[in-house]
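Biologist: I'd like to go through this one with you, starting with the surface and then moving on to a sheet. Can you bring it up?

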Amino acid sequence: MSFDVQQIRKDFPLLSRTVHGKPLIYFDNANTAQKPRRVIETVDDFYRRHNANVSRAVHTLGEEATSAYEAVRDKLAQFINAKSRDEVIFTSGTTQAINTVAYSYALPRLQPGDEVLVTTMEHHANIVPWQLVAARTGAKVVPAPITQSGELIVEEFIKRLTPRVKLAGVTHVSNVLGTINPVRELAKACRARGIPLLVDGSQAAPHLPIDVQALGCDFYAITGHKLFGPTGTGVLWARRELLDSMPPFFGGGEMIRTVSFDGTTFADVPHKFEAGTPNIAGFIGLGAAIDYVTELGLDRIGAAEHALRDYTNAALKSVPGLRLFGEAKDKAAVFSFLIDGIHAHDLATLLDHEGIAVRSGHHCAHPLMQFYGVPATARASLAFYNTHAEVDAFIAAIAKVRKLLA
Ligand code: PLP
């Protein structure tokens, strides 16, 4: 089957709208992705026909809601090749997933002088939770360095895996640089030293096939809204033995076996980590998103995105005065850049007037901005539904902005 991008775009209602009278060019996919009709209709159908709480009611609607919701756990387990559906914990996103590991796994274990090793290119979600638990325990968060071209210096990461390190965290794909990190190699080095590795898969899951068993990591975090699903959905995957050893993070309904004032016993995983009413419609919508990308084929998505990446990269490099951040050999279609004499926010605002959505700012990666010595960048992040013609229009709009401001 050929990859007919014009046909695929018809699946995404929002892509046909205009902004400031121009056809929308949506290049902010690393921030959040647009939703296919199938996701929107699934959420709509849930509220119209099936809405009930999960796991609490024996009536028909309750059973329908529970079985649709729990079926998504099976889908996600298959999507990331988890050994068991019980290793798939539903969260509100990557942020909650990483905080769960910080508070349930790291906090009880960290001692003064211990370290959590991360990298300079992490999103704040993979820095700040560790800093919060480090502050309570006397541990510290240590960054592994990267090169100017935005690649992790693997031997420096490995050198820092000393006995003081009790946990390591790395992003699979950088949200700013697009760099794809060699997670298998890092996981192998961590494993050899008995150090658990958490992988932030927020930017990877929408673009690469994920196989947590082959990667060899211990924790993997995904956020649903970047994976063409609803906001407020995400997954923490972890090895069963780690989950069993961790106390619950949130307490409340749904996560207990028995409760009395003499003490409470907890449900088994995954429910031990899922207190309260979840985003039921959102997860059922995420299931539809998984079906959509699976049917499209992650290999075909990858091929389309690689072609877009190479085309955009070459086009941006031809723009005079443009500085590109992130030129790793292995990278996703994410382009952070600055143009001489133009502030990133001005650039993003003027591009918006041309109907082009790019993000500007620090991208929740202050340490990375400090590394490059800039306060902000503009970022264009592409998805499989973007086109070469959109890239041409983007480059033409940059030329227009340069003429106006540079
Ligand atoms: N990690 C990375 C690499 C991200 O790009 C993001 C979102 O921008 C996050 C973590 C946080 O995801 P969420 O806000 O959905 O929890």
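This is a predicted model: local features need pLDDT of at least 70, side-chain atom pairs count only at pLDDT 80 or more; totals for chains, interfaces and linings use all residues.

Biologist: What does the radius of gyration say for the protein chain?
Modeller: The protein chain has a radius of gyration of 22 Å, which agrees with the value near 22 Å that a compact globule of 406 residues would have. Along its principal axes, the C-alpha trace spans about 75 × 55 × 35 Å.

Biologist: Switching to secondary structure, how many helices and strands are there?
Modeller: The protein chain has 14 helices and 17 strands.

Biologist: Take the open sheet of 4 strands: what is its order?
Modeller: The order is β13-β14-β17-β16, with antiparallel pairing, and the edge strands, β13 (322-325) and β16 (359-361), each pair on one side only. Neighbouring strands of this sheet are turned by 30 degrees against each other on average, with direction ignored.

Biologist: Over how many bridges do β14 and β17 pair?
Modeller: Strand β14 (residues 334-339) and strand β17 (residues 377-381) pair in the antiparallel sense over 4 bridges, and Phe337 stands opposite Ala378 in β17.

Biologist: Which strands does helix α12 lie across?
Modeller: Helix α12 (residues 344-353) lies across β14, β16 and β17, and runs at about 160 degrees to β16.

Definitions and conventions:
Residues are numbered from 1 along each chain as its sequence is written. Side-chain values use heavy atoms; hydrogens and water are left out. Two strands pair if DSSP finds at least two bridges between them. Helices (H or I, at least four residues) and strands (E, at least two) are DSSP runs, numbered from the N terminus. Axes are lines fitted to C-alpha atoms, for helices over the stretch in contact, and angles run from 0 to 180 degrees between N-to-C directions. Contact means heavy atoms within 4.5 Å. The radius of gyration is taken over C-alpha atoms; the globule rule is 2.2 Å times the number of residues to the power 0.38.
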